[in-house]
Amino acid sequence: MTTATAPTATPDHIMGVYNRAPLAVERGLGARLWDDKGDEYLDCVAGIATNGLGHCHPRLVETLKTQADKLWHVSNIFRIPGQEALATRLTDATFADVVFFTNSGTEAIECALKTARKYHTANGQPERVEIYGFDGSFHGRSYAAINAAGNPGYVEGFGPRLPNYSQLKWGDHDAIKAAIANPTTAAIIIEPVQGEGGARALPEQCLTGLRALSREHGVLLIYDEVQSGMGRTGKLFAHEWAEDAAPDIMAVAKALGGGFPVGACLVSAEAAKGMTVGVHGSTFGGNPLAMAVGLAAFDEISKPETLANVRDVAGYFNQQLTGLKDRFPDIIVDVRGKGFLIGLKVTPVNRDFMAMAREHRLLVAGGGDNCVRLLPSLLLTVEEAREVVEKLEKTCETARAKAAAA
Ligand SMILES: Cc1ncc(COP(=O)(O)O)c(C=O)c1O
């Protein structure tokens, strides 16, 4: 049904669930984007941490074209060699023994939550159903994902909340210990660095502590590395910064496909023991096109020089952005995050700051706690980073002038 007066009706027939910037993007290369008027932008959104290798990386373009001539889709009722190759790369590089491929981060989270509950059933403890998430987290938009994160803005109005999902507060150690010791707890789910929540990095010793405690009580530890993984923090996965902190289950997506829709749920052999024939599936997940691009993206991102570039340029950013905060304490009140998952907490409404940055041809993403996020290509050079800082400086000047004129 359509009515011209429906509040969500948009002239372009796109469901009105996004607060879209008035920018029609037409073309991209590396860290640059061009709109339909030919204006050039420096892109620190990268599809929200998805175009890990920037736009139109030549190897990914070539791989996609070659695979398009060979085979697109066959179904998971057949063996797909590209899937086995990417699963081998992922398991060789991590704690995991098996992988389930999806088309998105949300689906990887869905698989992670189902795997955790099924494990306890297979393990003779079907009463273990409680899932604990953390405040400020984001796990995607499926019904289970919004209930795991518990953000009121995303769960309200959709009927009753799913039972046995609740949230803990960062730093509330007593509540965390009690939740993990609860004999009906199935799993803890956490982002090692919160993305949407405003680039908040969990202190490394907390991850180590969560790992030890959950192991002690037979509770599974799920990491959501959809945004923080695949090189974003300067290690292949963000939890690698912490000692002895490997999870039992991990959701990955975004940069895994370098811009092509690919997600994955990585699981240890033990935690996967309930996931037997017929209990889960996906039509498109792991199709040959996605796997070809995913393999090429994995090979490029996991190169030591790619990860070193993130660490080096992130160090430059950290120094420069701290300086900017010191020069504009009325505009930037905090610099946070890890690697290339950078948050600036600003005093103007973050959406206004993003619009002012666009005036200076810089694209930045929003985030919780009135942050703007910088999530550039992992291949961003120091010269490009210098340009980003210059544009941010101009944005701060514009913001200061607007505040003075108000
Ligand atoms: C940490 C995290 N988890 C899950 C998701 C959901 O991924 P997708 O939008 O691909 O479903 C996102 C997306 O922003 C995310 O940042």
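A residue counts as near a molecule if its C-beta atom, placed from the backbone, lies within 6 Å of it. The model described here is predicted. Around the ligand there are 15 residues, and Ser104, Gly105, Thr106, Gly140 and Val226 come nearest.

**Ligand shell**
- Helix H4, residues 105–122, gives the most to the shell around the ligand, with three residues.
- By type, the shell holds seven polar, five nonpolar and three charged residues.

**Helices H10 and H12**
- H10 spans residues 304–327 and H12 spans residues 382–405; their axes come within 10 Å and cross at roughly 20 degrees.
- Angles under 35 degrees count as roughly parallel, so H10 and H12 are roughly parallel to each other.
- Their crossing is right-handed.
- On the H10 side, the contact is made by Val313, Tyr316, Phe317, Gln320 and Leu324.
- H12 brings Val382, Ala385, Val389, Leu392, Glu393 and Cys396 to the contact.
- The residues of this contact divide into nine nonpolar, one polar and one charged.

**Positive phi outside glycine**
- Histidine 13 has a phi near 65 degrees, a positive value in a residue other than glycine.
- Histidine 13 sits in the segment before strand E1 (25–29).
- Histidine 13 has 7 other C-beta atoms within 10 Å and is exposed.
- Cysteine 56 is not a glycine either, yet its phi is positive, at about 50 degrees.
- The loop between helix H1 (46–49) and helix H2 (58–70) holds cysteine 56.
- Cysteine 56 counts as partly exposed, with 13 C-beta neighbours inside 10 Å.

How values were computed:
Residues are numbered from 1 along each chain as its sequence is written. This is a predicted model: local features need pLDDT of at least 70, side-chain atom pairs count only at pLDDT 80 or more; totals for chains, interfaces and linings use all residues. Helices (H or I, at least four residues) and strands (E, at least two) are DSSP runs, numbered from the N terminus. Ala, Val, Leu, Ile, Met, Phe, Trp, Tyr, Cys and Pro count as nonpolar, Asp, Glu, Lys and Arg as charged, and the others, Gly among them, as polar. Axes are lines fitted to C-alpha atoms, for helices over the stretch in contact, and angles run from 0 to 180 degrees between N-to-C directions. Angles under 35 degrees count as roughly parallel, over 145 as roughly antiparallel, 65 to 115 as roughly perpendicular and the rest as oblique. A crossing is left-handed if the near helix is turned anticlockwise from the far one by less than a right angle, and right-handed if clockwise. Two residues are in contact if their C-beta atoms, placed from the backbone, lie within 7 Å. A residue is buried if 20 or more other C-beta atoms lie within 10 Å of its own, exposed if 12 or fewer, and partly exposed in between; C-beta atoms are placed from the backbone.
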